[in-house]
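Got your viewer open and your selection tool ready? Take a short walk with me, one selection at a time.

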Amino acid sequence: MTIELHCFGESGNAYKAALPLELSGLAWRPVKVDFFGGATRSEAYRALNPMGEAPVMVDGDDVLTQSGAIQDYVSEKSGMFGGRDARERREILRWVLWDNHKLSSQAGMTRFLMNFLPEEKRPTEVIAFMQGRLKAAYAVLDRHLESRDWIVGDGPTNADFSCCGYLYYPEPFGFARADWPAIDAWLARLAALPGWKHPYDLIPGRPSDRA
């Protein structure tokens, strides 16, 4: 059975789920969610996910929301990216939770405010505040990666797929790879993995489609 991932290309959280699906070799297909057209607020979508968010994974009777939970499901089903033992699994979970609290949630909001709102509605003080918090998060991740190739263990895991979720996007939100050499090298290693794809190539939907 083919796994369906309800997603849209502009979403870094969707990319966090789509990338391990793609690299795992599991059979899956993206189902485009018209987020900017209000699809996640519809009754039909809320029946699928009462939280009104993307991504949503559907695999037969299994329906999962939240990218971290979907990553865990992919690991359980494929035997990949979930760590080699209990200690690594806990460390992966630690970084996934850190990312959701400190990095992706703030990068996603800042990117949205800077690129997907009309210019006259962009709150400059909020954006500056969020960029300051993001700079602190980049510093934590960059220091961690200075002496290692991957966030946990000796190969890519869900910790890497979670933390990279927003860092390949071209829209400005206060992240420049050149400012963070260890992060830059890590993103290059991820992009060199067989089967890796940029979010706009992996998931349907991109800002130019709405222009």
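Predicted model: local features only at pLDDT ≥ 70, side-chain atom pairs only at ≥ 80, totals over all residues.

**Stop 1: the cysteines.** Start by selecting the cysteine sulfurs. How many disulfides does the structure hold? The count is zero. Select Cys7 and look for its nearest cysteine sulfur: that atom belongs to Cys164 and lies 15 Å away. A disulfide needs two sulfurs within 2.5 Å, so Cys7 is in no disulfide. Next, pick Cys163, which is in no disulfide either; here the nearest cysteine sulfur, again that of Cys164, is 8.1 Å away.

Is Cys7 buried or exposed? Cys7 counts as buried because its relative accessibility is 0%. Cys163 has a value of 1%, so Cys163 counts as buried too.

**Stop 2: the aromatic rings.** A search of the whole structure turns up 14 aromatic pairs. For one of them, zoom in on Phe173 and Phe175: their ring centres are 6.3 Å apart, with 20 degrees between the planes, and the pair is stacked. Both Phe173 and Phe175 are buried.

Then select Phe8, Phe35, Phe36, Phe112 and Phe116 together. What do they form? These five residues make up one aromatic cluster.

**Stop 3: a charge over a ring.** Finally, show Arg111 and Tyr169. Which ring does the charged end of Arg111 sit over? The ring of Tyr169, with 3.9 Å from the charged end to the ring centre.

Terms used:
Residues numbered from 1 in each chain as written. Heavy atoms only, no water. Buried < 20%, exposed > 50% of the residue type's maximum accessible area, 1.4 Å probe, protein only. Phe/Tyr/Trp six-rings, centres within 6.5 Å; stacked < 30°, edge-to-face > 60°. Lys NZ or Arg CZ within 6 Å of the ring centre and 35° of its normal.
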